[in-house]
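Colleague: I've got this model open and I'd like to learn how to read it feature by feature. Can you walk me through it?

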Amino acid sequence: MLGRADTHVHTKYSGFGSLGPLFFPESVSDPEDVVKHATKLGDDVLCITDHNTMKGAFKAKEAARAYDNLDLVMGEEINTTDGEIVGLWLNEEIPRGMTAEETIDEIRSQGGVVVAPHPFSLHVPALQERIFELDIDAIETINAGHIDSYSNAKAQR
C-alpha cells in the first residue's frame, strides 16, 4: 500500500534561522493548523521536527487525535557539534550541542529513527560527508528549502 508522508515539518516553535544577513522564522504555523492542512492534502503520516524542541510535536499529536487517517510522528531536528540530525518517533527532547554520535545514541535510547536532513547544505549546519561514517537510518534527498542546484542533487546521488 502506498501512502503519503511529510517527514520534516516545522511549526512556529522552531524559532529563527539565518542566511547571511537575513534573519527569519523557520515557520509561523500553529501545530494545529499544520495537522489540519496535512489532512486536507491527504497525508497519511506527518512528522513534526522543530529545531531543538518538541513543543510543536506534542501540540500536533494532541490535534491529530481528531483525525483517524493521520499518523503523527513526534520528532526533533537537533543541532549537534557536527551538523543537524533529525530524530523521529521520540518521546522526549534530545539536548542540543552534543556530538553526532552522542545525539544518535540518545535518539536510539528512545527507540527513534535517525535521519540526516539536508546533508550537503551549504547554508545550514549539515553533516556533509559524515553521513557515510555515522550510524544513520535515512538521508533526506529532497528539501524544499534548498533550491540551489547542489544540495538536493548531491544527496540524491
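Colleague: Which residue stands opposite Leu88 in strand 7?

Modeller: The general idea is that strands of a sheet pair through backbone hydrogen bonds, either parallel or antiparallel. Here Leu88 stands opposite Val113 in strand 7, and Val86 stands opposite Val115. Strand 6 (residues 83-88) and strand 7 (residues 113-116) run antiparallel and are joined by three bridges. Two strands count as paired if DSSP finds at least two bridges between them, and strands (E, at least two residues) and helices (H or I, at least four) are DSSP runs numbered from the N terminus. Keep in mind that this is a predicted model, where local features need pLDDT of at least 70, side-chain atom pairs count only at pLDDT 80 or more, and totals for chains, interfaces and linings use all residues. Residues are numbered from 1 along each chain as its sequence is written, and side-chain values use heavy atoms, with hydrogens and water left out.

Colleague: In what sense do strand 7 and strand 8 pair, parallel or antiparallel?

Modeller: Parallel, over two bridges, with strand 8 at residues 138-139. Val115 stands opposite Ala138, and Ala116 stands opposite Ile139.

Colleague: And how do strand 5 and strand 6 pair?

Modeller: Antiparallel, over six bridges. A hairpin of two residues joins strand 5 to strand 6, and Asn79 has Glu84 in strand 6 as its bridge partner.

Colleague: What is the order of the strands in the sheet?

Modeller: It reads 1-4-5-6-7-8, an open sheet of six strands with mixed pairing.

Colleague: How many residues of strand 6 are buried?

Modeller: Six of the six, so strand 6 is largely enclosed by the rest of the structure. Buried means under 20% relative accessible area, exposed over 50%, and partly exposed in between, using a 1.4 Å probe and protein chains only.

Colleague: Which residues are buried in helix 3?

Modeller: The general idea: an α-helix has 3.6 residues a turn, so residues three or four places apart point the same way. In helix 3, Ala100, Thr103, Ile104 and Ile107 are buried. They fall within an arc of 100° seen down the axis, so they line one face of helix 3; the arc is taken from the directions from the helix axis to the C-beta atoms. On the other side, Asp105 and Ser109 are exposed. Strand 5, strand 6 and strand 7 are among what covers the buried residues of helix 3, contact meaning heavy atoms within 4.5 Å. After helix 3 comes Gly111, with a positive phi near 75°.

Colleague: Which residues have the most contacts inside the largest nonpolar core?

Modeller: In soluble globular proteins, nonpolar side chains tend to be buried together. The largest core here has 29 residues, and Val35, Leu46, Ile48 and Leu72 have the most contacts inside it. Helix 2 gives the most to this core, with four residues. A nonpolar core is a set of buried Ala, Val, Leu, Ile, Met, Phe, Trp, Tyr and Cys residues joined through side-chain atoms within 4.5 Å. Another core, of five residues, lies apart from the largest one and includes Cys47, Val73, Val86 and Val115.

Colleague: Last one: is His51 buried or exposed?

Modeller: His51 has a relative accessibility of 11%, so it counts as buried. His51 sits in the loop between strand 4 (45-48) and helix 2 (55-64). Its side chain makes a polar contact of 3.4 Å with that of His10. A polar contact is a pair of N or O atoms within 3.5 Å; within protein, one must be able to donate a hydrogen and the other to accept it, and residues adjacent in sequence count only if both atoms are side-chain atoms.
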